[in-house]
Amino acid sequence: MKHFLFVLLLFPLLVKGQAQFSLQDKKFESTPPVDIGLMEYIISEIKGKGFTEEEKQFFYWSNYLRLHPKEFYKGVVEVFIKEFPEVKGKEAESLKKDLLSMETLSRYQYSSLLSVLAVEQASDLALKANQISHVDSKGRGFAERMKLGGVTKCAAENIYTGKNDGLLALLMLLFDLGLDQAGHRRNILNPTLTQMGLSIRPHKTDERIVLVQIFGCS
């Protein structure tokens with residue numbers, strides 16, 4: 001069984017939440033048709049940025065979700081629920097409602113600034129921290145890290161730790177199992193948050209990764 005932990009912090013609202021749970025330890029594969037135009041956009045956005053394959057997949061699926069919410073639900077989420085029935089419940093129902101009623105949102109723009117901050121936090125958590133947190137090893141919280149990094153407008157951060165799978169990571173953040181506020185999902189589906197930086201780093205102690213996703217607005 002694999003354990004996943006989620007942490008949420010909205011800036012400047014400072015709303016926190018976290019949850020830990022288990023899924024069957026098996027690979028999830030979903031094969032909806034590739035959006036060729038979107039993939040070309042993704043490649044142009046991240047070209048020369050040193051993205052890993054999982055980071056590329058996470059960025060692609062995050063944008064696919066915003067462009068095709070209904071197709072994402074039917075082609076990915078429904079398949080996932082069938083393969084992992086342990087996620088059934090109020091969170092799955094609210095996700096269905098949100099995605100099937102959602103209009104198309106704009107694509108995320110890749111942000112070099114936010115990615116630098118995501119790399120710093122993911123690397124710090126993966127190498128130095130004993131637990132996942134929005135506070136780094138120097139004691140700096142999210143708001144302070146953003147200010148020091150030069151972020152002057154709205155920002156939000158999602159953190160995931162678990163299996164190294166970009167699509168699975170996105171799904172877990174969308175389900176927000178055990179969290180009444182569904183804050184990670186609200187970040188991802190927020191039409192105001194149009195910029196994104198991300199980083200995935202292997203954790204020092206076991207076979208899992210730390211993913212940090214930072215959002216910004218134009």
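Me: pLDDT is the predictor's confidence in each residue, from 0 to 100. What does the chain average here?
Reply: The chain averages a pLDDT of 87, and 89% of the residues score at least 70. This is a predicted model, where local features need pLDDT of at least 70 and side-chain atom pairs count only at pLDDT 80 or more, while totals for chains, interfaces and linings use all residues. Residues are numbered from 1 along each chain as its sequence is written, and side-chain values use heavy atoms, with hydrogens and water left out.

Me: Where does pLDDT stay under 50?
Reply: Over residues 1–16. Where pLDDT is low, the predicted coordinates should not be read in detail.

Me: Why is F215 called buried?
Reply: Buried means under 20% relative accessible area, exposed over 50%, partly exposed in between (1.4 Å probe, protein chains only). F215 has 0% relative accessibility, so F215 counts as buried. Its place is in strand β6, strands being DSSP runs of E, at least two residues, and helices runs of H or I, at least four, numbered from the N terminus. Contact means heavy atoms within 4.5 Å, and F215 touches residues including Y108, L114 and A155.

Me: What makes C154 and C217 a disulfide?
Reply: A disulfide is a pair of cysteine sulfur atoms within 2.5 Å. For C154 and C217 the S to S distance is 2.0 Å, so the pair qualifies. C154 sits in the loop between α6 and β4, C217 in the segment after β6, 63 residues apart.

Me: Is C154 buried or partly exposed?
Reply: C154 counts as partly exposed because its relative accessibility is 25%. C217 is buried, because its relative accessible area is 14%.

Technical notes:
Lists of a residue's contacts leave out its neighbours within four places in sequence.
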